[in-house]
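Please examine the sequence and the model displayed here.

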Amino acid sequence: MDMLVVQGGQPLRGRVTVGGAKNAALPIMAAAIAATGTTILRGVPDLVDVITLSHVLRSLGMTVERCGDGSLQLNAVDERPCLADYELVRRMRASVCVLGPLLSRRRRACVSLPGGCNIGHRPIDLHLKGLRALGAEITIERGYVFAHADRLRGADIYLGGSFGSTVTGTCNVLSAAVLAKGTTTISGAACEPEVVDLGDFLNAMGAKITGLGTPLLQIQGVSELNSVEYTVIPDRIEAATLLIAGAITRGELEVDNLRTSQLAAVIDILRGIGATIDIQGESACVSMSSAPVPIDVTALPYPGIPTDVQAQLTALLTLAQGISVVTDKVFPDRFMHLPEMMRMGANVRREGACGIISGVTHLSGACVMASDLRASAALLLASMAAKGESVIRRIYHLDRGYDHLERKLNSVGAQIRRVTDNADNLPTSLMLSLEDQASPVVDSSDMPPPPKYLLGRSTTRQATFDSSDH
Ligand code: EPU
């Protein structure tokens with residue numbers, strides 16, 4: 001297992017390019033199950049989730065090959081297997097995206113339920129509701145979804161839930177409905193660009209979908225889908241992470257290959273926080289010269305601030321001049337990064353679906369644990385802005401969803417080393433001795449006292465320092 005050792009305080013300067021979107025590539029790869037012939041995908045990022053889904057697809061009789069030019073070639077050579085095994089699905093919940101394509105093309109699917117998740121409760125009831133409406137018979141037995149339909153039939157389906165629509169649920173129902181008999185209407189569909197990208201891919205294969213990017217989709221079923229060559233959209237979450245990296249390090253960073261229209265909310269909020277963002281076509285140059293302005297921000301379904309950027313924005317706001325409130329309405333429990341940020345001197349606490357962040361003048365490098373993909377990115381951002389060295393452990397989460405992020409960041413001035421996670425590789429600056437007890441590692445003298453209403457809670461910076469000082 002690897003960990004990252006980060007030397008903080010290096011402003012990022014230069015130019016980086018955003019790769020293909022993980023969350024578009026995964027359902028598109030799964031939808032290749034439903035094609036006849038060889039699908040060629042360009043812009044599929046090189047990351048662990050893609051490798052995991054490739055294993056799932058191979059177990060389902062597909063060949064999946066990364067070619068010399070970087071494209072991914074997929075072909076269904078054996079259409080008999082329909083089992084997506086727990087051992088693979090538990091590693092990545094997006095494996096559930098094979099359910100819709102299997103059902104529409106092979107008429108049956110046996111897909112493991114993914115189980116628990118660090119970012120909160122993630123049921124798939126809406127996926128199953130949509131597929132049942134299309135005529136699938138579905139049971140859950142021994143931890144697996146067993147689905148069967150001789151021929152799916154078009155239907156009117158509503159996919160809204162308590163937390164909005166469902167991204168992968170819309171992908172599953174869409175991938176099934178394209179080969180159903182008759183017309184399907186999906187209302188309450190997810191509008192995320194990754195769903196649109198899947199829809200564009202299916203349309204390129206011969207599907208008839210209209211309304212993509214709106215909550216109302218109409219699908220006229222067809223009898224067959226042809227294989228095509230297709231390029232996946234750039235990753236808006238990677239783009240947002242890079243923009244925040246430029247801002248949090250007070251650098252000047254040009255981020256290329258992004259679709260600014262898909263990042264409107266993120267760009268707006270970053271400007272509100274005090275970053276300067278100049279947009280030229282598919283590039284955005286971010287710079288920031290003063291402390292962030294505190295804000296009240298809510299993660300919402302598209303086109304709102306993505307929940308996948310909530311943790312990274314939180315990292316930036318730990319350094320704001322005042323109190324910020326970050327609410328997550330998509331995954332209300334997605335706050336496991338907060339206690340780790342507190343280890344770096346951040347003044348944060350959780351209140352239901354909100355993080356309350358009282359900005360500090362600086363973060364202090366520390367050893368922290370990543371709990372999930374975006375939390376890892378947030379801790380990396382915080383470490384790059386912190387004084388001194390940090391260590392980020394459990395970075396396999398980061399590798400699941402970012403295409404060599406530390407390499408990109410190092411190319412523009414970051415100082416991040418990937419080393420094997422063991423005690424020998426811990427930086428000496430983070431190894432305290434008995435003598436260190438006398439002098440605080442973090443100079444808290446220039447940090448403002450926590451606001452009154454935070455006092456007395458065990459999660460405040462004051463309380464944390466008090467307890468460790470004695
Ligand atoms: N939900 C239900 N029932 C369902 C499905 C979802 O109640 O049947 C709830 C969820 O519990 C959640 C909300 O609806 O509160 C939204 O969940 P959604 O289904 O949209 O999430 P997802 O499809 O499982 C995708 C991304 C996530 C991203 C979310 C929200 C992929 C592979 N994953 O997950 O990405 O956070 O949409 O935008 O597309 C990430 O990349 O780090 C990541 C977690």
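The structure is a predicted model, in which local features need pLDDT of at least 70 and side-chain atom pairs count only at pLDDT 80 or more, while totals for chains, interfaces and linings use all residues. Residues are numbered from 1 along each chain as its sequence is written, and side-chain values use heavy atoms, with hydrogens and water left out.

**Helix packing**

Two packed helices are described by the angle between their axes and the distance between the axes. Here the axes are lines fitted to C-alpha atoms, for helices over the stretch in contact, and angles run from 0 to 180 degrees between N-to-C directions. Helices (H or I, at least four residues) and strands (E, at least two) are DSSP runs, numbered from the N terminus.

| Helix pair | Angle between axes | Distance between axes |
|---|---|---|
| H10 and H12 | about 20 degrees | 8 Å |
| H8 and H10 | about 5 degrees | 10 Å |

Helix H10 covers residues 310–317 and helix H12 covers residues 373–385; they pack at an angle of about 20 degrees. The contact, meaning heavy atoms within 4.5 Å, brings Ala311, Gln312 and Ala315 of H10 against Arg374, Ala375, Ala377, Ala378, Leu381 and Ala382 of H12. By class, this contact of H10 with H12 has seven nonpolar, one polar and one charged residues. Ala, Val, Leu, Ile, Met, Phe, Trp, Tyr, Cys and Pro count as nonpolar, Asp, Glu, Lys and Arg as charged, and the others, Gly among them, as polar.

Helix H8 (residues 236–248) packs with H10 at an angle of about 5 degrees, and H8 is therefore roughly parallel to H10. From H8, Ile237, Thr241, Ile244, Ala247 and Ile248 meet Gln312, Leu313, Ala315 and Leu316 of H10. The contact of H8 with H10 comprises seven nonpolar, two polar and no charged residues.

**Cysteines**

A disulfide is a covalent bond between the sulfur atoms of two cysteines. The search criterion is a pair of cysteine sulfur atoms within 2.5 Å, and zero disulfides are found in the whole structure. For Cys191, the closest cysteine sulfur is in Cys171, at 12 Å, which is too far for a bond. Cys191 is buried, with a relative accessible area of 16%; buried means under 20%, exposed over 50% and partly exposed in between (1.4 Å probe, protein chains only). Cys354 also counts as buried, at 19% relative accessibility.

**Selected residues**

Thr249 is located in the loop between H8 and strand E17 (252–256), and is buried at a relative accessible area of 8%. Beyond its neighbours within four places in sequence, Thr249 is in contact with Gln10, Pro11, Leu12 and Met384.

Leu263 occupies the loop between E17 and helix H9 (264–273) and is buried, with a relative accessible area of 2%. Its C-alpha is 8.7 Å from that of Ile237, at 26 residues apart in sequence. Leaving aside neighbours within four places in sequence, Leu263 contacts Arg236, Ala239, Ala240 and Leu258.

Gln220 belongs to strand E14 (residues 216–220) and counts as partly exposed at 38% relative accessibility. Gln220 and Ala207 are 13 residues apart in sequence, with their C-alpha atoms 7.6 Å apart in space. Not counting residues up to four places away in sequence, Gln220 touches Val178, Gly182, Thr183 and Lys208.

Technical notes: Parallel < 35°, antiparallel > 145°, perpendicular 65-115°, else oblique.
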